[in-house]
Every structure is written in structure tokens, then in C-alpha cells.
Amino acid sequence: LDYYATQIFIARSSDWPVKNYALWRTIHEGDSDYADGKWRWMLFDSDSQALKASLVNDDTLNYVIDYDKMFASLWANETFRNDFKDRILDIADNNFSKAKVDKMFESLEIEMTPRMSKSWARFYGKDNNKLEYFQGKLDSYHEFLINRKSVIEGWFE
């Protein structure tokens, strides 16, 4: 539920869920919570076709239902649908609340802007507009995250 809810929340599409997915597991069992040998989904490559302000209204739920036979099969079950709805809205309320998103982006901007400027000066020269590009990306991701919940709520009305 968490994996699919997160991917759908961030509007992941195009090369997912048909391909570009990964699973992981520990080989040896141990004392940690994840050292049990169970397979787990791995979230990665989420910046290629996700999190953009232009995708905020994308209906990735129906996209996944159409392109992922396993998820479509699960979706046929009412209990699963209710659990999924609860989980994706919980993720929206807790992981991607406006307060958390605002704080995270403020921190990212403060921490990464000097580093990005230094890197671009090194590789592209002092006079470049990469800082504007970086800020534009941050703004797009931020806009997506603070507006996505209302779109998702509309799916369940």
C-alpha cells in the first residue's frame, strides 16, 4: 500500500508501473526490522516523470489500474480500495502536509543553493542561469506537493 500510494501520490507514470521498478531484500536474516528476507518495493527515479506542477491533476490512480494487472486485481476488492484510500490520504496529511513541505523546501533551498551555485560555477562558468533553473525546479516540486492532496481527494468523492 505504501509503495503504490506514494508512487500514485507523486504522479509517477510513463515508465512506471510497466517497467522501471525494483525490489530488494536482505540475504541473511538478523535483528534489524528489515533483515527478515522478505521482498520489499524500492522507491527510486521519482524525478523523471513525477512531482512536477504540470502533473498535479494527472489521474495516476486510473493510469495504474489500466497498466498494472496486479494492482487492478487488488483494486477490484472493496476492502483494498478503502485501505488504499485511507493510506494515500494519510500520506498526504502526514508525509506531505503543507507545513512539512514548506519546511523541507525552505531547508533544501538554504542548504543546496550555495552548493549548486558552486558546482555550476565550476562546470559551467560563473555566468550561467542554472540557479534560476534550480529555483524553478524547486518551485515546481513545491507547487505540486502542496496542491496534490485536493486532486486526490476528488478521486474518492
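Predicted model: local features only at pLDDT ≥ 70, side-chain atom pairs only at ≥ 80, totals over all residues.
Trainee: In what order do the elements of the chain run from the N terminus on?
Mentor: Helices (H or I, at least four residues) and strands (E, at least two) are DSSP runs, numbered from the N terminus. The chain has 6 helices and 2 strands. From the N terminus on, their order is α-β-β-α-α-α-α-α.

Trainee: Which two residues are joined by a cis peptide bond?
Mentor: The bond has an omega of about 10 degrees. The cis peptide bond joins W16 and P17.

Trainee: What is the phi of A11?
Mentor: A11 is found in the loop between α1 and β1. Although A11 is not a glycine, its phi is positive, at about 65 degrees.

Trainee: How are α1 and α4 oriented to each other?
Mentor: Two packed helices are described by the angle between their axes and the distance between the axes. Axes are lines fitted to C-alpha atoms, for helices over the stretch in contact, and angles run from 0 to 180 degrees between N-to-C directions; angles under 35 degrees count as roughly parallel, over 145 as roughly antiparallel, 65 to 115 as roughly perpendicular and the rest as oblique. For α1 and α4 the angle is about 60 degrees, with the axes 9 Å apart. The two helices are therefore oblique.

Trainee: Which residues of α4 meet α1?
Mentor: Contact means heavy atoms within 4.5 Å. From α1, the residues taking part are D2, Y4, A5, T6, I8 and F9. Their partners in α4 are F84, R87, I88, I91 and A92.

Trainee: What is the handedness of the crossing of α4 and α6?
Mentor: Helix α4 (residues 78–94) packs with α6 at an angle of about 160 degrees, the axes being 10 Å apart, which means that α4 is roughly antiparallel to α6. A crossing is left-handed if the near helix is turned anticlockwise from the far one by less than a right angle, and right-handed if clockwise. The crossing of α4 and α6 is left-handed.

Trainee: Which residues of α6 meet α4?
Mentor: The α4 side of the contact consists of I88, L89, A92 and D93. On the α6 side stand K149, I152 and E153.

Trainee: What is the handedness of the crossing of α5 and α6?
Mentor: The axes of α5 and α6 lie 9 Å apart, at an angle of about 160 degrees. These helices are therefore roughly antiparallel. Their crossing is right-handed.

Trainee: How much space lies in the largest pocket?
Mentor: On a 1 Å grid over the protein atoms alone, a pocket is an open set of points where a 1.4 Å probe fits, with protein on both sides within 12 Å along at least five of seven lines; lining residues have an atom within 4 Å of a point. Grid points are joined across faces, edges and corners, and a volume is the space filled by probe spheres set on the points. For the largest pocket this space is about 350 Å³.

Trainee: Which residues lie closest to the centre of the largest pocket?
Mentor: The lining of the largest pocket has 18 residues. Closest to the centre are L51, F105, L108, L138 and Y141.

Trainee: Which helix gives the most to the lining of the largest pocket?
Mentor: Both α5 (98–124) and α6 (130–155) supply at least two residues of this lining. The one that gives the most, with 6 residues, is α6.

Key. Residues numbered from 1 in each chain as written. Heavy atoms only, no water.
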